[in-house]
Amino acid sequence: MKKRMMLALAVLALIAGSAYAQGTIKIGGIWTLADITGKQGSAAAQLAVDEINAAGGVLGKKLELIVVDDEGKADKAAAAVEKLATVDKVDVFVGGMASGAELGKIPAFKKYNKVVMSTGAAGSATVEKALGPSPDSDFYFHLHPWDYNQGASYAEGWDAIQKKYPNIQIKKIFLAYEEGAFGKSSWDATKILFGSDKRYTIDGASFKSALLGGGDYTAVLEAAKAFKPDLFLWAGYDADALPLLEQSKAMKFSPGIYLGAPPGWPIDFGASKLSPNVMLYGMWSTAMNNNNPSSAKFFKNYVAKYKEEPATYFAPLAYSAVFILADGIKAAGTTETAALVKALEATKYASPLGETITFTPSTIIKHQGITRQKILQWQNGDQQVIWPFEAATAVPVYPFPAWK
Amino acid sequence: MVVKRRTAIIAALSIAAVVALILWKPTVLIYGLQAAGLYAAVAIPMGLVLGIVHIVNLAHGEFMMVAAYAAYFGCKALGMDPLLAIIPTAIVTAIFGWVMFQLTIRRALKAPELNQLILTFGLAIAFTQAINLIFTSQTYKMPLDYVSASMDIGDITFGVWSFVFVAVAIVFAYGLKFFLTKTMTGKAAVAVGQNPRGAAIVGIDVYRTYGFVFALALALVGAMGALFLTKSAIFPSVGSPFTMKSFCLIAMAGIGNIPGILGASVLLGVAENFLRAFRPTRDWAEIVFFVLIIVVILARSLKGRKS
């Protein structure tokens, strides 16, 4: 009996010894797990870790993803950084979505000075400002476009679309914006981007999002209908998407372009009879699987592993984040911050998002990844990319048809 | 005589306001009534519980949210329209409500009011977090053709589906009035609500009556949960704003005054839509809710002091 025990202990010691020798590279992931973006983002990051480990790992070591839920709160997000840095002793960080929660992490990120591959946080006035300029923020690699990047890309996109398709002419734009910070910042940005050079006539009105206890859009739709816009844009949340369309139909409001800009769309929106030809802003859609092998590979592996389709672009973004980190660590030969930052600055990653990700300086920080959003359109239940033309999967259907 | 004259003045002023709105901004009246129907239909069951069981159910909106999720996934699984799910959801929610009453609320009925509030507040958080954990914060909405039904009057086009909530609110209010005044069980419930000790002395099972009234209110909440699917997307926190609004409407109407909730809802719905109709006042629509409550409660306390 004693001999057997000794043998078992020896085997255990051997296994533990070999694991110690091999070691792991720990990635600390922070997402809001009750949110679909966090749930699928963390799942996609784990998929990337599994794929990299199956291919032999990085520097002869396995990657290990340790995920902590920030519950969408700044204080929990800060505590998550502390826990991952001190208890789990992670080598690098990944994740993020809401700007408010990201803001809470920044002091702790600065304290530990480990490389961060951020997948969210568009709020430049808060997050980018808190990060501050180089070199203090050089550890921070921001994959998601800042709000001003997004605005600029929309203006660029609509100019390009009008040039390529002369039948699409936009003179009057109406923005229906939810009355919270997200909607108001969209309204301010729209006025500057589209209204400053007087090429467009801009009007707008706020509404209370269903997500915040509202859901009655009649007043804002009446104002929009009276304005007769060529482009109607609403900036709210996924909970507003279908009810807003239903009320638009009930009021027979059908502008030339009906465009939505929520962070995500409700499940089965594409199955609705009201969805065809609604336009949207985004970064990725399943239609891109047809002309982007990286997207197709990501999609196939995600569905195989989780038996569900990725519903938001935060999934391929988190997947890309892990691959970029892994490539950087390989190139640097270490997770030590200065060497890894230098290696990541040379990143050229052909992402499932339809573009090769590199890092360039933004207004304040040195390492900004993606700077363009895409203009898409719901066609036959799928989101089709309309612009940028190099990633396009369909031509735009115009005008938005009158309600029957 | 004075009361009659006052009632006549209020009626005349209301008619004048309605005529003025029809001529000037008819959509204010249309959308105001539609909003009022929804507010009242959700608030009436809470009024029933508060009037008879004397408990402020801070999980009221969350019960509706849970019912809406049950109806949504039931409809998805069976390929059913939410309108057909109204009665099954009402039954299931009534059973769930009865069980929750027996397990939790009944234990706190003799406890201080603060404990009751904390208990139902805890239930609200537990329901929201449980749904969040199971279904995430992803929103769900049933695409339905009939909810976009519209009507043209002159150059005004408006949706008509939301008038269904007006009909439901009226059915709830007058159905409950009939139940409470014309049936034995209803009369027993009123007796328990007015004087539980006296009702017990004459042989009414007080706790059984409380359980029945709570389950009945939850049946109405369940029916509203299924009907709510036609109007709104659902997500874990969709119910909580309705708890607050319902409680305040009951406060405006006066506890136990179920038909009064209809009047309070019309006042709130029309006032909100009146402010939304004009650009400079659009952002003030949310404040009207609190202003009305303060005015009504102040007026009532001044009236009470006078009398």
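**Two chains, helix by helix**

Colleague: Which angle do the axes of helix 4 and helix 9 of chain B cross at?

Modeller: This is a predicted model, where local features need pLDDT of at least 70, side-chain atom pairs count only at pLDDT 80 or more, and totals for chains, interfaces and linings use all residues. Residues are numbered from 1 along each chain as its sequence is written, and chains are lettered from A and ligands numbered from 1 in the order in which they are written. Axes are lines fitted to C-alpha atoms, for helices over the stretch in contact, with angles from 0 to 180 degrees between N-to-C directions. For helix 4 (residues 86–103) and helix 9 (residues 206–228) of chain B, the axes come within 7 Å and cross at roughly 140°.

Colleague: Are helix 4 and helix 9 of chain B parallel or oblique to each other?

Modeller: Angles under 35 degrees count as roughly parallel, over 145 as roughly antiparallel, 65 to 115 as roughly perpendicular and the rest as oblique. Helix 4 and helix 9 of chain B are therefore oblique to each other.

Colleague: How many charged residues are in the contact of helix 4 with helix 9 of chain B?

Modeller: Contact here is C-beta atoms, placed from the backbone, within 7 Å. Residues of helix 4 of chain B, including B:F96 and B:W98, meet residues of helix 9 of chain B, B:F214 and B:L218 among them. Ala, Val, Leu, Ile, Met, Phe, Trp, Tyr, Cys and Pro count as nonpolar, Asp, Glu, Lys and Arg as charged, and the others, Gly among them, as polar. That contact has 17 nonpolar residues, 7 polar ones, and charged residues: none.

Colleague: Which helix gives the most to the side of chain A that touches chain B?

Modeller: The contact takes 32 residues from chain A and 30 residues from chain B. Helices (H or I, at least four residues) and strands (E, at least two) are DSSP runs, numbered from the N terminus. With 8 residues, the one that gives the most to the chain A side is helix 9 of chain A.

Colleague: What separates the centres of domain 1 and domain 2 of chain A?

Modeller: An automatic or database domain assignment sets the bounds, dividing chain A into domain 1 (2–146 + 291–357) and domain 2 (149–287 + 374–391). Between them, 15 residues of domain 1 are in contact with 9 residues of domain 2. Taken over C-alpha atoms, the separation of the centres is 32 Å.

Colleague: In strand 13 of chain A, which residue is the bridge partner of A:L280?

Modeller: Two strands pair if DSSP finds at least two bridges between them. Strand 10 (residues 279–282) and strand 13 (residues 374–379) of chain A pair in the antiparallel sense over 4 bridges. The partner of A:L280 in strand 13 of chain A is A:L376.

Note on methods:
Contact = placed C-beta atoms within 7 Å.
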